Amino acid sequence: MQKKRILVVEDAAYMRDMLSEMLEQAERSYEVVGFAVNGKEAVEKYKELKPDIVTMDLVMEVMDGIQAIRGIKKDDPNALIIVISALGTPEQKKAALDAGAGEYLWKPFTIKNLFDALEKLLGKRKDERGSAT
Amino acid sequence: MIKGLNYRFFILLSTVLACTILAFFVGFIKNETIVYTHSFYAPILLAGVWYRKKAIYIALFLSIIYILVTYPLAHLSIDVFARSAIFVAVAYVIGLVSEERAKGEEKLKETKDYLDNIITSSVDAIAVVDMDGIVRSWNKAAEDYMGYTEAEVIGTSNKKFFADPEEGEKIMRIVQRDGGLKNYRTTVLNKDKKPVHTSMSAALLRDKNGVPIGTVRMSRDITKEVELEEKIKEERDNLNLILESMDDGVYIVSKDYKVEFMNKVLIDTLGYHVGDICYKVFHNRDDSCPLCKNAEVMKGKTVRWEWDSRRNNKTYDLFETPLKDIKGTMSKLTIFRDISERKRMENELRDAEERYRVIFEHALTALCVIEHGEVVSLANKEFETLSGYSREEIEGKKWIDFIADEDMDRVQNYCEERRKGEAPACCEFKFVSSNGEIKQVNAWIEPIPGANRCIASLLDITELKRKEDELRETCEKLTELDKMKREFLNVAYHEMRSPLAPIVGYASMLERCELSGKGKKYLYIIEQSARELEKMINRMLELARIDSKKIELSLEGVYIPEVVAEVVKGIEPETKEKKQVISTVVPGVKIQADKQKVGAIFYNLISNAIKYTEEGGKIDIMVVDREREGDIRVCIADTGIGIPEEHLPKIFERFYMVDTSLTRKSGSLGLGLSIVKEYVKLHGGKVWATSEFGKGSKFFFIMPKRQ
């Protein structure tokens with residue numbers, strides 16, 4: 001199975017590091033292909049890297065996560081985006097999902113939580129594809 | 001008369017001729033001058049009696065004869081002339097006397113004719129009765145009146161005229177005794193034996209020596225008067241009947257204070273005193289009362305006055321008016337109206353008025369009375385204070401002068417509607433006081449029933465308004481601050497969660513590393529603490545959301561045994577650690593609710609029970625499906641430390657902690673129960689607790705099965 005290429009969008013360096021390390025733990029499944037520190041950069045990087053999955057923080061400078069999701073989805077409606085944020089009220093979750101995010105992971109989370117969420121996200125795409133074909 | 005005259009004339013002529021012949025015979029034939037002249041006095045006397053002064057002519061004629069006869073005999077002497085003069089003088093004197101007498105007789109005759117005329121033509125019946133009771137005179141009116149003609153009664157007894165046969169003598173006796181009788185009432189019988197009411201006046205007739213010879217009686221038919229009198233009497237009886245039946249006391253008092261009549265009401269009140277002297281019996285006085293109006297009333301005046309009776313402590317309204325009977329005798333009619341009750345009410349009214357005046361005057365609200373919606377007619381002390389005007393200045397002032405221009409129309413409309421009873425009781429407006437200062441007042445305008453006036457009560461709320469504004473400002477500031485705080489907290493909760501992410505994340509990664517026994521223990525503690533911290537943050541976040549009303553229920557069918565089982569399972573590590581036993585009695589009931597929130601309710605209550613129950617304690621979860629009420633009743637009982645009674649009502653309050661001291665049991669912010677309360681409330685249920693300190697607590701909640 002091909003490794004899933006992941007773009008990590010996160011303004012906090014320690015979170016970027018942690019996510020990289022967590023994803024490395026499943027090196028046969030996931031590969032971090034790039035980082036973005038804000039939404040604007042995320043949209044640009046997405047176009048450039050065409051990753052399979054984007055992990056998206058919501059609170060960022062320059063452009064926030066919701067806008068970035070919209071930007072990416074505009075470019076690629078099939079983009080798979082998982083929001084990883086400390087925000088987590090039902091309203092905030094709904095806003096993110098409405099913008100086009102496929103999953104929502106609320107900080108703090110365990111490595112298991114992360115993998116479960118990613119698998120769920122991928123499973124959804126499979127379902128979509130399955131239903132499409 | 002002519003005959004009589006002729007007769008007298010012949011006698012006189014014969015006597016004169018006889019005297020003449022005698023004179024010629026004695027003088028010429030016998031030439032004697034003897035005194036024969038005495039015979040001359042016979043014709044002179046006769047002429048004097050019959051023809052009065054004309055006797056002088058006879059005397060002169062005889063004197064001439066005497067002188068003629070005596071002259072040839074030359075005996076013409078002084079004596080002859082003297083005798084002649086005596087003839088004339090005697091004739092004159094006799095003539096004069098006769099004339100006077102004749103005059104007197106003439107007069108007498110005239111008077112008699114006159115009296116006869118009066119008697120004859122009198123409308124009153126006049127009869128003359130002699131001392132024996134025999135009728136001597138009977139006039140025309142008497143004929144008409146009695147039916148007897150003059151011829152029928154003259155010379156007969158007067159007894160038959162009277163209904164009472166003794167009446168005639170009785171009248172005679174009275175007339176003899178008193179010399180007369182006036183307006184004596186009797187009943188006479190006419191020729192048809194019909195009784196006729198008569199008023200009789202009589203006078204005693206005497207002869208020239210003063211000896212009584214009879215009576216003259218004048219009678220008048222007074223049938224009409226008597227009938228009238230009877231009618232009047234009847235009316236008076238009717239009047240008495242009316243007076244008797246009146247609710248007011250009535251009495252009639254004569255001029256000399258004698259009680260002539262008392263009606264029943266008065267007799268009942270004062271006792272029967274007819275015939276007594278009023279001031280003696282009613283007032284125990286020896287003289288008339290100083291307030292007595294008798295004299296005034298007797299003059300024909302009607303008076304009305306009030307009298308306070310000290311005897312029975314009552315007040316009477318007295319109406320006193322003159323009353324004249326048929327005889328013209330004046331009495332005083334007095335009507336006593338007992339007005340004690342009215343007086344008492346008047347006094348009470350006065351007292352009440354005084355009371356209300358005092359209340360009005362000393363009320364701490366400014367009060368004024370407005371006439372016809374225009375003029376202020378009355379104001380109290382507080383109104384003076386509010387307006388800055390003196391009472392004299394206020395009273396008569398226009399009501400609108402106290403209203404600020406901008407509020408004028410509004411207040412006038414309000415007053416108008418209040419009069420119609422339509423507007424709400426209260427109206428706020430700007431009040432203009434004497435120095436032009438504007439005061440904010442709250443006004444109540446109430447129409448006074450039955451008069452086109454209303455009472456306005458004004459409360460100066462200027463200060464209150466100012467404080468209200470201040471309060472509003474403060475409130476706005478606080479709301480703003482609260483909003484800022486909430487926004488800040490939202491950010492703060494986010495920022496607090498962020499550093500938790502690497503802690504939890506790396507800890508979870510550490511689990512995958514090979515760790516020593518100690519390492520594993522430390523890692524466990526880190527993970528536990530991080531979870532506890534996360535929970536606290538979550539609760540705070542949830543309450544913040546509740547406060548900002550952002551919480552909505554997402555309803556679905558919730559199967560209660562499943563929820564309970566999930567919660568119990570999730571909490572198992574903690575119960576195991578404390579060696580506690582959880583037993584559940586849950587029927588298979590499904591309710592319409594927000595599953596996540598129902599779970600949170602159970603979770604918070606159960607974890608609370610675990611937290612405050614010692615190791616080895618017991619926790620019972622009982623759910624009752626109440627069909628009749630259409631709800632479920634849940635009880636979570638523990639065998640923990642319990643809650644002191646005084647804290648029970650407050651434990652569901654936000655941030656409330658039973659123990660805030662440093663020695664308290666740590667690990668709680670007192671938010672769990674608040675969330676429970678809010679969630680139950682959102683579902684339309686209620687939550688409460690009972691506890692026995694040291695023995696355990698029971699938490700209950702009720703939740704309807706359908707929303």
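Predicted model: local features only at pLDDT ≥ 70, side-chain atom pairs only at ≥ 80, totals over all residues.
**Stop 1**

Begin by selecting strands S1 to S5 of chain A. They form an open sheet of 5 strands, in the order S2-S1-S3-S4-S5, with parallel pairing. Strands in a sheet pair through backbone hydrogen bonds, either parallel or antiparallel.

Now look at the edges of this sheet. Which strands stand there? They are S2 (30-36) and S5 (103-106) of chain A; each has a single partner strand, so one side of each is left without a neighbour in the sheet.

Next, select helix H2 of chain A, residues 39-49. This helix packs on the sheet and touches S1 (4-9), S2 and S3 (53-56) of chain A. The direction of H2(A) makes about 135° with that of S2(A).

For a close-up, pick S4(A), residues 80-85, together with S5(A). The two run parallel and are joined by 4 bridges. Show A:Ile82 and you will find its bridge partner, A:Glu103, in S5(A).

**Stop 2: where the chains touch**

Colour the two chains separately. Here 17 residues of chain A are in contact with 17 residues of chain B. Which elements of chain A give two or more residues to this side? They are helix H1 (13-24) and helix H5 (111-132). H1(A) gives the most, with 5 residues. Sorted by class, the side of chain A that touches chain B has 10 nonpolar, 3 polar and 4 charged residues.

**Stop 3: a hairpin in chain B**

Move to chain B and select residues 426-432 (S13) and 438-448 (S14). These strands run antiparallel, joined by 7 bridges. Show B:Cys427 and look across to B:Ala443 in S14(B), which stands opposite. S13(B) and S14(B) form a hairpin with 5 residues between them, and in the turn B:Gly436 has a positive phi of about 85°.

**Stop 4: the helix beside it**

Finally, select H15(B), residues 405-420. At 1.5 Å a residue, its 16 residues should span 22 Å, and the end C-alpha atoms are 24 Å apart, which agrees. Show the side chains of B:Val411, B:Tyr414, B:Cys415 and B:Arg418: these residues are buried. What covers the buried residues of the helix includes S13, S14 and S15 (453-460) of chain B. Just after H15(B), stop at B:Gly421, which takes a positive phi of about 80°.

Notes: Residues numbered from 1 in each chain as written. Chains lettered and ligands numbered in written order. Contact = placed C-beta atoms within 7 Å. Nonpolar A, V, L, I, M, F, W, Y, C, P; charged D, E, K, R; others polar. Pairing = 2+ DSSP bridges. Expected span 1.5 Å × (residues − 1). Buried ≥ 20, exposed ≤ 12 C-beta atoms within 10 Å, placed from the backbone. Axes fitted to C-alpha atoms, helices over the stretch in contact; angles between N-to-C directions.
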